[in-house]
Amino acid sequence: MESYVLNNIEIGERIRKTRTSMGMSREAFSEIINISNIFLGQIERGERSLSITTLASISSATGVSTDYILFGTPNNNSTMSK
């Protein structure tokens, strides 16, 4: 079984890349996923971890798979490429 180490900075970069590719401001995106703009900024900079609920909200709002967000692994559900 393959072991993964979650890297908050890389996760945050993928979230930011996804958000900006959608042409969304941090303020607008944070409202859609129901977290504060400040918290989203902290996640995108890798300063804070996101909860399963926030991860699911981001995936749902963007159409990007949770595998991509967490591990950078594109799959059939992902709209982003690595």
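Guide: A residue counts as buried when its relative accessible area is under 20%, as exposed over 50%, and as partly exposed in between. Keep those cut-offs at hand, and keep in mind that this is a predicted model.

Visitor: What is E44 in contact with, leaving aside its neighbours within four places in sequence?

Guide: With that exclusion, E44 contacts G12, E13, I15, R16, R19 and R26.

Visitor: How do you know that R19 and E44 form a salt bridge?

Guide: The rule asks for a side-chain nitrogen of Lys or Arg within 4 Å of a carboxyl oxygen of Asp or Glu. For R19 and E44 the N to O value is 2.7 Å, within 4 Å, so the pair qualifies. Since R19 belongs to helix α1 and E44 to helix α3, the pair ties together parts that are 25 residues apart in sequence.

Visitor: And what makes E44 and R16 a salt bridge?

Guide: The closest N and O atoms are 3.6 Å apart, which is within the 4 Å limit, so E44 and R16 pass as well.

Visitor: Are R16 and R19 buried or partly exposed?

Guide: R19 has a relative accessible area of 8%, under 20%, so R19 is buried. R16 comes to 31%, between 20% and 50%, so R16 is partly exposed.

Visitor: How many salt bridges are there by this rule?

Guide: The count is three. The side chains of R45 and E47 also meet in one, at 3.0 Å from N to O. R45 is partly exposed because its relative accessibility is 40%.

Visitor: Which residues do salt bridges that share partners join into one network?

Guide: R16, R19 and E44 are joined that way.

Visitor: Now the helices. Why are α1 and α3 called oblique to each other?

Guide: Helix α1 (residues 8-21) and helix α3 (residues 37-44) pack at an angle of about 120°, with axes 7 Å apart. Roughly perpendicular ends at 115 degrees and roughly antiparallel starts over 145, so this angle falls into the oblique class. From α1 the contact uses N8, G12, E13, I15, R16 and R19, and from α3 it uses L40, I43 and E44. By class, that contact has four charged, three nonpolar and two polar residues.

Visitor: What makes α3 mostly covered?

Guide: Six of its eight residues are buried, namely F39, L40, G41, Q42, I43 and E44. These buried residues pack against α1, α2 (26-32) and α4 (52-62). After α3 comes G46, with a positive phi near 80°.

Visitor: Which residues have the most contacts inside the largest nonpolar core?

Guide: They are I15, F29, L50, I58 and I69, in a core of 16 residues. Two or more residues come from each of α1, α3, α4 and α5 (66-71). Not counting residues up to four places away in sequence, I58 touches I15, F29, I33, L50 and I69. As background, nonpolar side chains tend to be buried together in soluble globular proteins.

Conventions
Residues are numbered from 1 along each chain as its sequence is written. This is a predicted model: local features need pLDDT of at least 70, side-chain atom pairs count only at pLDDT 80 or more; totals for chains, interfaces and linings use all residues. Side-chain values use heavy atoms; hydrogens and water are left out. Axes are lines fitted to C-alpha atoms, for helices over the stretch in contact, and angles run from 0 to 180 degrees between N-to-C directions. Helices (H or I, at least four residues) and strands (E, at least two) are DSSP runs, numbered from the N terminus. Angles under 35 degrees count as roughly parallel, over 145 as roughly antiparallel, 65 to 115 as roughly perpendicular and the rest as oblique. Contact means heavy atoms within 4.5 Å. Ala, Val, Leu, Ile, Met, Phe, Trp, Tyr, Cys and Pro count as nonpolar, Asp, Glu, Lys and Arg as charged, and the others, Gly among them, as polar. Buried means under 20% relative accessible area, exposed over 50%, partly exposed in between (1.4 Å probe, protein chains only). A nonpolar core is a set of buried Ala, Val, Leu, Ile, Met, Phe, Trp, Tyr and Cys residues joined through side-chain atoms within 4.5 Å.
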